[in-house]
Amino acid sequence: MGASQAGWWARLAGLEAAVTARLEQMAADRIVERIWSGEPAVWGGSVDTPELTDRLGWLRLPESIEPVALEIRDFAVNVRRQTAHVVLCGMGGSSLAPEVFWRTFGPQAGFPSFTMLDSTAPAAVRAAAPNPSDTLFLISSKSGTTLETLSFYRYFWELSGRNGSRFVAITDPQSALERRAVDQGFLKVFSGMPDVGGRFSALAAVVGRARSMADGCRAAPAENPGAWLGAVLGEAALAGRDKLTLVLSPSLRTGKTGKGLLPVMTDGMLDADSYQSDRVFVALTHAGEEAGEVEQLEALADRGHPFVCLTLGAAEDLGAEFFRWEFATAVTGAILGVNPFDQPNVAESKANTEVVLEGDVEVVEHDSAEALEALLAGVRPGHYLSILVFGPPSRVTDERLRLVREKLERRLGVATTVGYGPRFLHSTGQL
């Protein structure tokens, strides 16, 4: 059975009845209205639950961001005359969305070249700014205390000769980073919004279309693009399909409390029989690039795997897509009984990292074939295998890892993911 509306279509392979019932229950429980009113009980919380009452500003961000977007545009136009290169130093929510935008839109004529730095591998840091005198460093940290980001700052601050005019801070008001930026004469401070979590804030560059999606996400659940997607993902997870596999057009490639969906990026599809029953597939395509994905998705649906296909008319639709997924995440969290806005393991990871850096580190190497075979022998159906790489990201490494993933998926029949460190500590590594 298939379903379609403008911009999306789906075959849900046995989940149709559950999704329809979920949407009807959401309408009866007024879930959409309660999300927009910021009611913590939607996610099982109360007015005393941290990061439920003070992290819902993303809902109105597409309308409130417009003045800031104009300020950013004017700043970019002025600064490009004195800058050949821009390095954005961030981690987690401060880097993931900028990288997606950069990979999608690519270089723009008349503007500086760009490097997204969220790797502390020494080779990556050294390569980011070969000429500090004509580089603008954007130091981005919502809290203003992110260890990796501040380490980037300290390194480039000394490398630039402590030249504040080469630095811009992006951080919440009154943070330690804002105070540092003022004291050290940074060129500019862009203030974040305290009621917007880092992963829910990436909308400024494509505001208009994001506003249209936000308006659509006020509709009744069955006509609401974010609520519908959230219902599909939530019901898929409840049915054991907790490996959300993202199939992207070439031009777009780029859990908590024991529950959640594992996002699995794929650079190429295997044959339909290679996947277990723990998968739900979402394809994100550019208009005109759907043909190859459609044939593969139909083959998956014929084998009982549910899929959704979302189509972007243009790169500027990314903002709308961000909002759709943010709203879907809120809905999925409500279905699973998970608070999607807290990040307990980020703080835990920061504390553990500081302890390690203050003491002696014992490195234990397991580089034998026997050790690898022992690890792989423990992989069971329903598991996933995560390859965590600490080293400078590169296209060569990406391609090698793609081949490794494909071989492992074919051999073991489980979902695989790849993450560069230390960014994985701030994203899927938490699951």
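# Close-up views of a predicted model

View 1. The structure shown here and in the views below is a predicted model. A disulfide is a covalent bond between the sulfur atoms of two cysteines. A search of the whole structure for disulfides finds zero.

View 2. The strands of a sheet pair through backbone hydrogen bonds, and the pairing is either parallel or antiparallel.

**View 3. Strands β5 and β6 side by side.** The parallel strands β5 and β6 are joined by four bridges. S140 stands opposite I170, a residue of β6. Strand β5 covers residues 135–140, and strand β6 covers residues 167–171.

View 4. The structure holds 19 aromatic pairs. A pair of aromatic rings is described by the distance of the centres and the angle of the planes. For W102 and F114, the ring centres are 5.1 Å apart and the planes stand at 50°, so this pair is tilted. W102 belongs to helix α5 (residues 96–105) and F114 to strand β4 (residues 113–117); the two residues are 12 apart, and the pair links distant parts of the chain. W102 is partly exposed, with a relative accessible area of 29%. The rings of F137 and F167 also have their centres 5.1 Å apart, but their planes are at 25°, so the pair is stacked. F137 is in strand β5 and F167 in strand β6, so this pair ties together parts that are 30 residues apart in sequence. F137 is buried, at a relative accessible area of 0%. F167 is buried too, and its relative accessible area is 0%. Ring pairs join F137 and F167 with Y153, Y155, F156, W157 and F186 into a cluster.

**View 5. Two charged side chains over aromatic rings.** The charged end of K188 sits over the ring of F190, at 5.4 Å from the ring centre. In the second case, the charged end of R218 lies over the ring of W36, and the distance to the ring centre is 3.8 Å.

**View 6. The unit formed by β12, α15 and β13.** Strand β12, helix α15 (residues 395–412) and strand β13 make a β-α-β unit, and this unit is right-handed. Strand β12 (residues 384–389) runs parallel to β13, and six bridges join the two. Strand β13 (residues 415–420) is mostly covered, with five of its six residues buried.

**View 7. The loop that holds T145.** T145 is placed in the loop between strand β5 and helix α7 (147–159). With a relative accessible area of 43%, T145 is partly exposed. T145 and A176 are 31 residues apart in sequence, while their C-alpha atoms are 6.9 Å apart in space.

**View 8. Two arginines with positive phi.** R30 is a residue other than glycine with a positive phi, near 55°. R30 is found in the loop between helices α1 (16–28) and α2 (31–36). This arginine, R30, is partly exposed, with a relative accessible area of 46%. R162 has a phi near 55°, again a positive value in a residue other than glycine. R162 lies in the loop that runs between α7 and β6. Its relative accessibility is 53%, so R162 counts as exposed.

Conventions:
Residues numbered from 1 in each chain as written. Predicted model: local features only at pLDDT ≥ 70, side-chain atom pairs only at ≥ 80, totals over all residues. Heavy atoms only, no water. Disulfide = S-S within 2.5 Å. Buried < 20%, exposed > 50% of the residue type's maximum accessible area, 1.4 Å probe, protein only. Pairing = 2+ DSSP bridges. Right-handed = clockwise from strand over helix to strand, strands pointing away. Phe/Tyr/Trp six-rings, centres within 6.5 Å; stacked < 30°, edge-to-face > 60°. Lys NZ or Arg CZ within 6 Å of the ring centre and 35° of its normal.
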